[in-house]
Amino acid sequence: MKYIFISVLCLFFLLISGNGLANTKVEKTIKTKCFVTLYGGEQTILYQIINESKFNKLADLLTNTSTMTTLSDKKMKVYKVIECVQTADNFKNQLALAVEKITPY
């Protein structure tokens, strides 16, 4: 009986110290902004809060999706994503910087 208890206790500690319950990672979220062209030719800035691991694929995720914008009270479809950066960073595209100045946050 003593050996069973010790075995179960060792198994428990292996689970929580290895790949078990103790190592579940909480994914960090980040605030992003993307300079996009909508169907119809309008350009705007979209603000998103996403998981950090999805940042590199954000342009692909937004393309051809409908989203609320500051340009309309209806959802509008994204034609092309030109540039995405974290909210604290500045756009490299000069037109994006100009549009950001007139886009309400």
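Mentor: Let's start with Glu-42, which is partly exposed, with a relative accessible area of 38%. Keep in mind that this is a predicted model.

Trainee: Why does Glu-42 count as partly exposed?
Mentor: Because its 38% falls between the cut-offs, under 20% for buried and over 50% for exposed.

Trainee: OK, and where is Glu-42 in the chain?
Mentor: In the loop between β1 (29–38) and β2 (43–51).

Trainee: What does Glu-42 touch, leaving out residues up to four places away in sequence?
Mentor: Val-36, Thr-37, Leu-71 and Met-76. Also, the C-alpha atoms of Glu-42 and Val-78 are separated by 9.7 Å, with the two residues 36 apart along the chain.

Trainee: Switching to Glu-83: where is that one?
Mentor: Glu-83 belongs to strand β4, residues 75–86.

Trainee: Is Glu-83 buried or exposed?
Mentor: Buried, yet it has no salt bridge.

Trainee: Why no salt bridge for Glu-83?
Mentor: Because a salt bridge needs the charged atoms within 4 Å, and the nearest side chain of opposite charge, Lys-92, is 5.9 Å away from Glu-83.

Trainee: So which backbone nitrogen lies 3.1 Å from a polar atom of the Glu-83 side chain?
Mentor: The one of Asn-93. Beyond four places in sequence, Glu-83 also touches other residues, including Lys-33, Cys-34 and Phe-35.

Trainee: Zooming out, what order do the elements come in?
Mentor: From the N terminus, α-β-β-α-β-β-α, so you get three helices and four strands.

Trainee: And how much of the chain is buried?
Mentor: 27% of its 105 residues.

Definitions and conventions. Residues are numbered from 1 along each chain as its sequence is written. This is a predicted model: local features need pLDDT of at least 70, side-chain atom pairs count only at pLDDT 80 or more; totals for chains, interfaces and linings use all residues. Side-chain values use heavy atoms; hydrogens and water are left out. Helices (H or I, at least four residues) and strands (E, at least two) are DSSP runs, numbered from the N terminus. Buried means under 20% relative accessible area, exposed over 50%, partly exposed in between (1.4 Å probe, protein chains only). Lys and Arg count as positive and Asp and Glu as negative; His and the chain ends are not counted. A polar contact is a pair of N or O atoms within 3.5 Å; within protein, one must be able to donate a hydrogen and the other to accept it, and residues adjacent in sequence count only if both atoms are side-chain atoms. Contact means heavy atoms within 4.5 Å.
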